[in-house]
Amino acid sequence: MTTQIRKPGVLITGANGEMGHGLIEQLAKDGGKNIIALDVRAIDDGLKPLCTACIAGDILEERLLERLQSEYEIHTIYHLAAVLSTRAEFTPEAAHRVNVDGTMHLMKLAIEQSRWHGSPVKFMFPSSIAAYGLPDRETKKRAGKVKEEEWNTPRTMYGINKLYCEHLGRYYAHHYRQLAADTQRGGVDFRSIRFPGLISAFTVPSGGTSDYAPEMLHAAAQGKPYACFVREDVRIPFMAMPDAIQALLRLELAPRENLTRTAYNITAFSPSAGEIRTIVQQAFPGAVVSFSPDDRRQAIVDSWPAEIDDSAARHDWGWMPEFDQQRAFHEYLIPHIRTRYAT
Ligand SMILES: NC(=O)c1ccc[n+]([C@@H]2O[C@H](COP(=O)([O-])OP(=O)(O)OC[C@H]3O[C@@H](n4cnc5c(N)ncnc54)[C@H](O)[C@@H]3O)[C@@H](O)[C@H]2O)c1
């Protein structure tokens, strides 16, 4: 009989998504990690050489998770797979299954892995400003920089799922089977970031409600007119994708004892949709951007804060965006997006 040697690795779910692309490229550049990429869609050919294993499968399939448990030694899980905010409103029950039941499956995998190899599994979970729910525009104006525990009354299935999974993570990290005789603490080292809207120069989003900013840019670069689905004065926080990736990696490396919470706000800049149009039209003269608000999507964006307070992340693990608004648009987004569509 041969003993199978399992290589320690990092599992990324939702690996073929926007964040997955950025994360896999950065982890591969940093080197030293076996990347196990999992997505319900086939992993893009460009990412395959960067990964030790590419698995096409659904996080809801128990057999798939059993296979992961038996074949791999996993020390970190980046659980990125999700049904995003706009898409979730069309199929809320299915979104709940992926976003909540799927997360439970991964938590269970983390517990089993940590039992097997004897050390805690770091569980990195991207939450969202969708976890907030301000009741109306007046309150949003008055709210200022919203802290993590304020306005936790989301109005979307996606936001509710994210908020609940943050709590689930806290439970698995600190209170899992707290009454059982064989209780074993510390199996899951859960760390979550509430991300603002993310803008990537290299991938085009789909299914989110902050998509108007990246859509505006990508349309302008292709010479296509764009009708923005929110009002010109609407404001929510955004971040360039490389900062989001760096934040995940930085939080993962932070010493456990420095962390005072399981879910952290982070932010970079908060332009209005009208300000984004001005930047886009300066970069792409002649770009046609109109505002044609969809009342229902607008209402969702109106329930998200204009600004969030990320002082806990700055204090506990040294969060600091590299890309402010000027750098994000003029040094990252516009040059790369211009090149992307130039050929
Ligand atoms: N993009 C943003 O602006 C933003 C902001 C805040 C938080 N987030 C969170 O970051 C994470 C990554 O977001 P993204 O922008 O890369 O989204 P994305 O939609 O581009 O990627 C999600 C990936 O998950 C995969 N997936 C969906 N259901 C699955 C299932 N049942 N099994 C396996 N894979 C499945 C999809 O195929 C997709 O590739 C998500 O959890 C999202 O909620 C994103």
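Which helices and strands each supply at least two residues of the shell around the ligand? In this predicted model, these elements are helix H1 (18-30), strand E5 (121-128), helix H6 (157-174) and strand E8 (197-199).

## The shell around the ligand

The ligand is surrounded by 26 residues, and the closest of them are Met19, Asp39, Arg41, Asp58 and Tyr158. Strand E5 supplies three residues, the largest share of this shell. Sorted by class, the shell consists of 13 nonpolar, eight polar and five charged residues.

The ligand is located in the largest pocket.

## Backbone contacts to the ligand

For Val40, a backbone N or O atom lies 3.2 Å from a nitrogen atom of the ligand. For Ile59, the corresponding distance from a backbone N or O atom to a nitrogen atom of the ligand is 3.0 Å. Taken alone, the ligand exposes 820 Å², of which the protein buries 91%.

Trp151 is not a glycine, yet its phi is positive, at about 50°. The residue belongs to the loop between strand E6 (145-146) and helix H6. Trp151 counts as partly exposed because its relative accessibility is 35%.

Arg177 is likewise a residue other than glycine with a positive phi, in this case near 45°. Its place is in the loop between H6 and strand E7 (188-195). With a relative accessible area of 32%, Arg177 is partly exposed.

Is Arg194, a residue with 3% relative accessibility, buried or exposed? Arg194 counts as buried, because the limit for that class is under 20% relative accessible area. Arg194 lies in strand E7. A polar atom of its side chain lies 2.7 Å from the backbone oxygen of Glu148.

Ser303 is found in the loop between helix H10 (295-302) and strand E13 (307-308). Its relative accessibility is 2%, so Ser303 counts as buried. The side chain of Ser303 reaches the backbone oxygen of Ile300 at 2.7 Å.

## The loop between E5 and H5

Both Ala131 and Pro135 are placed in the loop between strand E5 and helix H5 (137-143). Ala131 has 0% relative accessibility and therefore counts as buried. Pro135, in contrast, is exposed, with a relative accessible area of 55%.

Each of these residues can also be related to another part of the chain. The C-alpha atoms of Ala131 and Glu148 are separated by 9.2 Å, and the two residues are 17 residues apart along the chain. Glu148 is also the residue whose backbone oxygen lies 2.7 Å from a polar atom of the Arg194 side chain. Pro135 and Ala299 are 164 residues apart in sequence, and their C-alpha atoms are 9.6 Å apart in space.

Where does Thr209 lie? Thr209 is in the loop between E8 and helix H7 (212-221). It counts as buried because its relative accessibility is 2%. Thr209 and Arg87 are 122 residues apart in sequence, while the C-alpha to C-alpha distance between them is 8.9 Å.

Leu249 lies in helix H8 (residues 241-253). At 9% relative accessibility, Leu249 counts as buried. From C-alpha to C-alpha, Leu249 and Gln26 are 9.2 Å apart in space, although 223 residues separate them in sequence.

Notes:
Residues are numbered from 1 along each chain as its sequence is written. This is a predicted model: local features need pLDDT of at least 70, side-chain atom pairs count only at pLDDT 80 or more; totals for chains, interfaces and linings use all residues. Side-chain values use heavy atoms; hydrogens and water are left out. A residue is near a molecule or strand if one of its heavy atoms lies within 4 Å of it. A polar contact is a pair of N or O atoms within 3.5 Å; within protein, one must be able to donate a hydrogen and the other to accept it, and residues adjacent in sequence count only if both atoms are side-chain atoms. Accessible areas come from the Shrake-Rupley method with a 1.4 Å probe; for residues, only the protein chains shown count as cover. On a 1 Å grid over the protein atoms alone, a cavity is a set of points where a 1.4 Å probe fits but cannot get out, and a pocket is an open set with protein on both sides within 12 Å along at least five of seven lines; lining residues have an atom within 4 Å of a point. A molecule sits in a cavity or pocket if more than half of its atoms lie within 2 Å of its grid points. Helices (H or I, at least four residues) and strands (E, at least two) are DSSP runs, numbered from the N terminus. Ala, Val, Leu, Ile, Met, Phe, Trp, Tyr, Cys and Pro count as nonpolar, Asp, Glu, Lys and Arg as charged, and the others, Gly among them, as polar. Buried means under 20% relative accessible area, exposed over 50%, partly exposed in between (1.4 Å probe, protein chains only).
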